[in-house]
Amino acid sequence: MELGLVGLGKMGGNMRERIRRAGHTVVGFDRNPDLADVHSLEELVGKLEGPRVVWVMVPAGAATQSTIDELAELLEPGDVVVDGGNSRWTDDEKHAEELAAKGIGFVDCGVSGGVWGLENGYALMYGGDAEHVARVQPVFDALKPEGDFGAVHAGKVGAGHFAKMVHNGIEYAMMQAYAEGWELLEKVDSVTDVREVFRSWQEGTVIRSWLLDLAVNALDEDEHLDRLKGFAQDSGEGRWTVEAAIDNAVPLPAITASLFARFSSRQEDSPQMKMIAALRNQFGGHAVEKK
């Protein structure tokens, strides 16, 4: 089939290549002309035969909104737009309604796989009407990992990005657990080879995972992570997961704690710890460290 793909960065560029390897035609547009096959969204739409499928792979928020707004004016009834970025699921509902008013279908798709997806395939979670999903199915089949699993029609519009959001929330908590265990192992004198302890866990343990494999890769490159600064950004999905948990009264203590741990990485001198130190000194005479 033919596909228009908007956004050819680290993820989108590799996705274009994987889809092409499966025998499909991809016309790609990116603001960087060195990456693009065409010079505008108008040219992209003009090169596709109707009914068209255009996959949007740009940052969530304003960039996605402006792209969908422009496509709404260029596409025709019967065409389908796929949002494969990390949009919030509530935005999907809004985009689907806006496009439906013009007779254009909408599918939201959470995509996981990162820089490894080109060779290993991408895990896909998509939401939307069955007829719209069916139009995109050959592309889903091209992108997914080999085998029976790795892709799911999660439900109605918004379900794909909601599922991906929860996936990323779980990812936050798993990474935090590995990080805490690594720090404790590094701290004690009795463990003399933390990297090999992590490597030993890769086989036969209940905590083996791809994330553990990636941790070992990182330690192979920098055994004590001395070259890194202790700062970790959050990309949005962790916050949205916690907000959804509050809205639905679902307790998420591990995921919530992992999100707040990221925030602590942005403080060189924690104001909270100043107050705690002051209180411990006041009630128990515990020593404080002063600048």
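Tutor: Before we start, buried means under 20% relative accessible area, exposed over 50%, and partly exposed in between (1.4 Å probe, protein chains only). This is a predicted model, so local features need pLDDT of at least 70 and side-chain atom pairs 80 or more, while totals for chains, interfaces and linings use all residues. Residues are numbered from 1 along each chain, and side-chain values use heavy atoms, without hydrogens or water.

Student: Is W210 buried, exposed or partly exposed?

Tutor: W210 sits in helix α9, residues 210-221 (helices are DSSP runs of H or I, at least four residues, numbered from the N terminus). Its relative accessible area is 44%, so W210 is partly exposed.

Student: Which helix holds E73, the partner of K102?

Tutor: K102 and E73 form a salt bridge, with the closest N and O atoms 3.4 Å apart (the cut-off is a Lys or Arg side-chain nitrogen within 4 Å of an Asp or Glu carboxyl oxygen). K102 is partly exposed at 36%, whereas E73 is exposed at 60%. K102 lies in the loop between α4 and β5, so the pair ties together parts 29 residues apart in sequence, and E73 belongs to helix α3.

Student: Where does α6 bend?

Tutor: The bend in α6 is about 55 degrees. P138 follows within four residues of the bend, which is at V136.

Student: Is D234 buried or exposed?

Tutor: The side chains of D234 and R239 meet in a salt bridge, 2.6 Å from N to O. R239 is partly exposed at 38%. D234 has a relative accessible area of 9%, so D234 is buried.

Notes
Helices (H or I, at least four residues) and strands (E, at least two) are DSSP runs, numbered from the N terminus. The bend at a residue is the angle between axes fitted to the seven residues ending there and the seven starting there.
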